[in-house]
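This report covers the fold and the ligand site of one model. Please view the structure alongside the text.

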Amino acid sequence: MGIFDKIKNGLKKTRDALFGRIDKLLRSFTKIDDELFEELEELLVMGDVGMYTAEKICDELRRKVKEGGITDPREIRRLLEETVTEMLKGGQELDTSTKPSIILVIGVNGVGKTTTIGKLAARFVRDGKKVVLAAADTFRAAAIDQLEIWAERSGADIIKQNEGSDPAAVVFDAISAAKARGADIIIADTAGRLHNKKNLMAELAKINRIIDREMPDSAKEVLLVLDATTGQNAVNQTKEFKNAAGITGIVLTKLDGTAKGGVVLAIKEELDVPVKFIGVGEQIDDLQPFEPDEFARALFVDEDGEPMDTAPAEEEETEENGGEEYVPATAAIWAQIDAEAEAEKQQQEEQRDEQAERLAQEQARLAAEKEKEEQQKRAAERKERAKSKYNWNTAPDTDDNASDGGDDDWLQQWRSGSGQ
Ligand SMILES: Nc1nc2c(ncn2[C@@H]2O[C@H](COP(=O)(O)OP(=O)(O)O)[C@@H](O)[C@H]2O)c(=O)[nH]1
Ligand SMILES: [Mg+2]
């Protein structure tokens, strides 16, 4: 499958939900008027483009329509593609110009940081670069193991320490190793959840300080990974991390599984952070540099790979001949979809938490049992020792009743006569 096909497939849901509807909308109008722009704006907002950006797009379309003397509503589709491309352009390049250079990967739990690092490493290795991964998500042992698997898969080196160790120290080690081994690129994984947000932000700041101290003149990227399925929530996450970590770009993952691809526009326009890569699947080659024109094209290309038909359809489908009536997306439908997704996520989290709690309880129970056994064993030993102390002249001279220091010293003295 070609790169474009992958992106096109990955954006199918967004295309169907958002731009498919726009296409239908445009077909249902015979002239360009305010009502058309209002409905278009509503569709864009519902498609996670965001209120501010939707308005901006429509203003731009109005301007272009006026300027070009355009009267056919179907022309709007082309103008929309053009406007979207223009909006998304700028800042896509990843700076890896120094040797070594470093990419710090941040973002909340489960968005796809580790997977993205694996895919990125594979890209660089394929281009003949030497890559060192830093396992600076030390919060869970499983996170280190996961990165190790990706290191193997991609052909990158990995620098790691034990679970719970200082992430900044891991990054420091990785920088030293990369310099010593003449590596081209360091990619650092980080934790997405600590005990609280403040800790997490402080930890990222510390890692950043280490990098700035050890690699002051090197190319540095701070990539925030966002899960496209979270829609507008991704915009909020960007705001949080932008203040703390100095983001240079976004990796938007899971575009293959969501109808919320429109959030790309909101992030670029509202927060002025460029999207640099997109994730369109779980496999090693499912990461693509973000190409605005390709992205915009993929949103407006139909199933046959042809641009959506802008000429009047030969026979308009009506309710009588089996076609569905065009129903504009309503906020209620989207809110329901969001609520269901949120509920499902919450349920999964609860199950995970319950499992963790059960495991912790089981471990605590086992530990208590072991402790009790040890106590009993120690008590028995003490009893045994005490018995032999009082019968020292009859007990056999074993290691047990011989002086072994500590509370047996008095016995030694007693034996030699000085203690009596
Ligand atoms: N469908 C899809 N799944 C992805 C993508 N990127 C990551 N994932 C999956 O998302 C889950 C969490 O990824 P992980 O890298 O562990 O997230 P982290 O906690 O941020 O490190 C894993 O099951 C990944 O396979 C993507 O682009 N598309
Ligand atoms: Mg991870």
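This is a predicted model: local features need pLDDT of at least 70, side-chain atom pairs count only at pLDDT 80 or more; totals for chains, interfaces and linings use all residues.

Residues are numbered from 1 along each chain as its sequence is written, and chains are lettered from A and ligands numbered from 1 in the order in which they are written.

## Sheet

Helices (H or I, at least four residues) and strands (E, at least two) are DSSP runs numbered from the N terminus. An open sheet with mixed pairing is formed by eight strands, in the order 3-2-4-1-5-6-7-8; two strands pair if DSSP finds at least two bridges between them. Strand 3 (157–159) and strand 8 (287–289) are the edge strands, each pairing on one side only. On average, neighbouring strands of the sheet are turned by 25° against each other, direction ignored. Angles run from 0 to 180 degrees between N-to-C directions, and axes are lines fitted to C-alpha atoms, for helices over the stretch in contact.

Five bridges link strand 1 (residues 101–106) to strand 5 (residues 220–227) in the parallel sense. Ile-106 has Leu-224 in strand 5 as its bridge partner. Helix 8 (residues 167–181) packs on the sheet and touches strand 2 (131–136), strand 3 and strand 4 (185–190). The direction of helix 8 makes about 165° with that of strand 2.

## Helix pairs

Two packed helices are described by the angle between their axes and the distance between the axes.

| Pair | Angle | Axis distance |
|---|---|---|
| Helix 6 (residues 113–126) and helix 7 (residues 141–154) | about 20° | 9 Å |
| Helix 8 and helix 9 (residues 197–214) | about 25° | 9 Å |

Helix 6 and helix 7 are therefore roughly parallel to each other, a term for angles under 35 degrees. Helix 6 passes helix 7 in a right-handed crossing, meaning that the near helix is turned clockwise from the far one by less than a right angle. Residues of helix 6 that meet helix 7 include Thr-114, Ile-117 and Gly-118, and those on the helix 7 side include Leu-147 and Trp-150. Contact requires C-beta atoms, placed from the backbone, within 7 Å. The residues of this contact of helix 6 with helix 7 are seven nonpolar, four polar and one charged. Ala, Val, Leu, Ile, Met, Phe, Trp, Tyr, Cys and Pro count as nonpolar, Asp, Glu, Lys and Arg as charged, and the others, Gly among them, as polar.

Helix 8 also passes helix 9 in a right-handed crossing. Among the contact residues are Val-171 and Phe-172 of helix 8 and Ile-207 and Ile-210 of helix 9. The contact of helix 8 with helix 9 has eight nonpolar, no polar and three charged residues.

## Ligand shell

Ligand 1 is surrounded by 19 residues, the closest being Gly-112, Lys-113, Thr-114, Thr-115 and Gly-279; a residue is near if its C-beta atom, placed from the backbone, lies within 6 Å. Helix 6 gives the largest share of this shell, three residues. The shell around ligand 1 has three nonpolar, 11 polar and five charged residues.

## Backbone details

Most residues other than glycine have a negative phi, and most peptide bonds are trans. Lys-99 and Pro-100 are joined by a cis peptide bond, with omega about -5°. Pro-100 is in the loop between helix 5 (75–88) and strand 1. Asp-48 has a positive phi, near 70°, and is placed in the loop between helix 3 (34–46) and helix 4 (51–68).

Note on methods. Angles under 35 degrees count as roughly parallel, over 145 as roughly antiparallel, 65 to 115 as roughly perpendicular and the rest as oblique. Two residues are in contact if their C-beta atoms, placed from the backbone, lie within 7 Å.
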